[in-house]
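Here's a quick walk through the structure, one feature at a time. Have the chains open beside you as you read.

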Amino acid sequence: MSMNRNTVSKAKAAALAVAAILGAASIAVAAQPARQNRNAPAAPAQQAPNFDNVQIKVLPIRDNIYMLVGQGGNITLQVGEDGVLIVDTQFAPLSDKILTEIRKISKAPIRFILNTHGHGDHTGGNGNLSKAGASVAGGNMLGPIAVAAQGQGGAAPAGAVATILAHENVLTRMQQSIGGQPPSPDDTLPNVTYISEFKDMFFNGESIRLFHEPKAHTDGDTIVYFRRSDVLSVGDVYNTNNYPVIDKARDGSILGVLKALNHILELTIPKDRQEGGTLVIPGHGRLSDEADVAEYRDMVTIIHDRIKDMVGRGLTLEQVKAAKPTIDYDPRYGSGNGPGSTDRFIEIVYNDLKAAK
Amino acid sequence: MAEVDLSGVWNVRLHEDLPERIPGPDMVEYHGVPVNDANRARGLAWDPSILTLEEYQCRPHPSDYFTRFSPERIWKEIDSETQETKGIHIRKEWQAAERTIWMDGRERPPAYAVHSFQGFSLGKWEGDVLAVETTHLKQSYVRRNGLARSDIATTREHYIRHGDYMTIVAVIHDPAYLTESFIRSSDYALDNKRNIAPYPCDPVVEIVGQAKGYVPHYMPGKHPSEFEYADRYNLSHEAALGGAQTAYPEFMEKALAAKKR
């Protein structure tokens, strides 16, 4: 099957991408060197992002796990005899480029798309990439039929899409109009959800556990643990570029982010001298390990503790900002605009802690 | 190319800056380090108890700080076909840290690759001096009292051999936490009779009952010994708080201003 058949028109794709960005509290932060990201001016709100020059770069991580970097959230790829599993899909206009890179690694059918949360910079390509794949269903017949049809250039049978799996709250939020933005396109919605604390899978000879991280970056965050490969794909509860982006419209919270970061630290085991071992693919930014997550957790904890102390002393938000509770981390994580800005982070932490007082 | 053989076991000479290198710096002893306000604030928030956390107990010094400590073994990795030096390996005794200085001009990893405490180093000979450029460093410290060095910092080192002695000069560029490049030199003496011992390390629970997620730190303005060091040695508080100006000779008068009071 040609990808073009399922790719929406360029103009429509760009429009959807704008909607995805505006609808997501987590604005796309390209996985570039941190300072470049932080200092980059925000794209004008009404201007469609230009994806023409975006390159999808592939970083082999371990065994059959790869990290794909382009524009939007990092993608994790797991490949093997059972097929291809993708964690997050960036923006719809990038799907052709993403699929091209996937096919250089594996010709096997895309079976699963897992979403770490519902923001458009992580789910925009769901529809395109799921249509480029096929789930195994109907007594294990539908998948092979679909693959055969695709291989012959014929129309895929109904249902011949890869499974899109996420926490139930992701589906709920993607169907809502939030902040004046339209719901996500139907073909990007998860078609399988889970509501439990965690969900287990076994794919390509590997145990995979999906953990729900409640009320963190959003209320539908999942971190994906590839147990044999010892790789975590954690979405936007952790990034290496900015302060945490907490989407209040989707019920994110500072305490949820801290809990998720500490959970990641529970799962990671360094190989030696507190580095290596379990690798962590962040939502945005560079590949990490336990030591990196620990530094980030420390930063978030310290800022949380400071603002909590100030709230306890009755300081107003303006007084808290004037006290510069993030001063020591601003050169590394601070930014002046956007959902991940320093001011926005302080405001959210302040309001969370004041509400909990 | 004037390649000098650095192979052998080198014992670090600690006479230079001894108080900082063996007992370690005092709390809020920042003079001589070109810190910005952000780094000063990090130092003032730093509680040494953070080293009790399991994520910290076995960390090695980063490569830019390791030049100050610990004997090391240096050996070359030779390409069997070309007989050229492919890489130079350095093994430190303390925390068994190893690093490789690649001499084959290989491409650096992309910006989104994982960082390490020793970073990714490329070397080349500039006359008799081995010049090393390092990127991909993990966040760490420039002084063992909480002054930070970020993970976007880069370093340049010079390895200069004079007979059985060697000087390593390390220059740190950190756009996040330093207003100027920070330069340190360390001396080593060849000591091939010395062995580099193993250095096992296994994190343990050091403080029973510590709450999950607890991160020791001092609140702003609550450092328990902020000017203890400055007052003990009759230094001005400005001197203790560091900054680029405190590294220059003309600052001496201000540093000693407290004595005149």
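## A helix with a buried side

Let's start in chain A. Helix α4 (residues 95-105) of chain A has five names to look for: Ser95(A), Ile98(A), Leu99(A), Glu101(A) and Ile102(A) are buried. Buried means under 20% relative accessible area, exposed means over 50%, and partly exposed is in between, using a 1.4 Å probe and protein chains only. These residues cover an arc of only 160 degrees around the axis, so they sit on the same side of α4(A). That arc is taken from the directions that run from the helix axis to the C-beta atoms. Helices here are DSSP runs (H or I, at least four residues), as are strands (E, at least two), numbered from the N terminus.

## What you're looking at

This is a predicted model, where local features need pLDDT of at least 70, side-chain atom pairs count only at pLDDT 80 or more, and totals for chains, interfaces and linings use all residues. Residues are numbered from 1 along each chain as its sequence is written, chains are lettered from A and ligands numbered from 1 in the order in which they are written, and side-chain values use heavy atoms, with hydrogens and water left out.

## The barrel in chain B

Over in chain B, nine strands make a closed barrel, in the order β1-β2-β3-β4-β5-β6-β9-β10-β11, with mixed pairing. Two strands pair if DSSP finds at least two bridges between them.

Strand β1 (residues 8-13) of chain B runs antiparallel to β2 (residues 72-78) of chain B, with three bridges. Here Gly8(B) is opposite Ile74(B), and Val9(B) is opposite Arg73(B). On β3 (residues 85-92) of chain B, which pairs with β2(B) in the antiparallel sense over seven bridges, Arg91(B) stands opposite Arg73(B). The β2(B)-β3(B) hairpin has six residues between the strands, and Gln83(B) takes a positive phi near 60 degrees there.

## One disulfide

How many disulfides does a search of the whole structure find? Just one over all chains: Cys58(B) and Cys201(B), with sulfur atoms 1.9 Å apart (the cut-off is within 2.5 Å). Cys58(B) lies in the loop between α2 (37-45) and α3 (63-66) of chain B, and Cys201(B) in the loop between β11 (182-190) and α4 (228-232) of chain B, so the pair ties together parts that are 143 residues apart in sequence.

The link is left-handed, with -85 degrees about the S-S bond. Cys58(B) is buried at 2% relative accessibility, whereas Cys201(B) is partly exposed at 30%.
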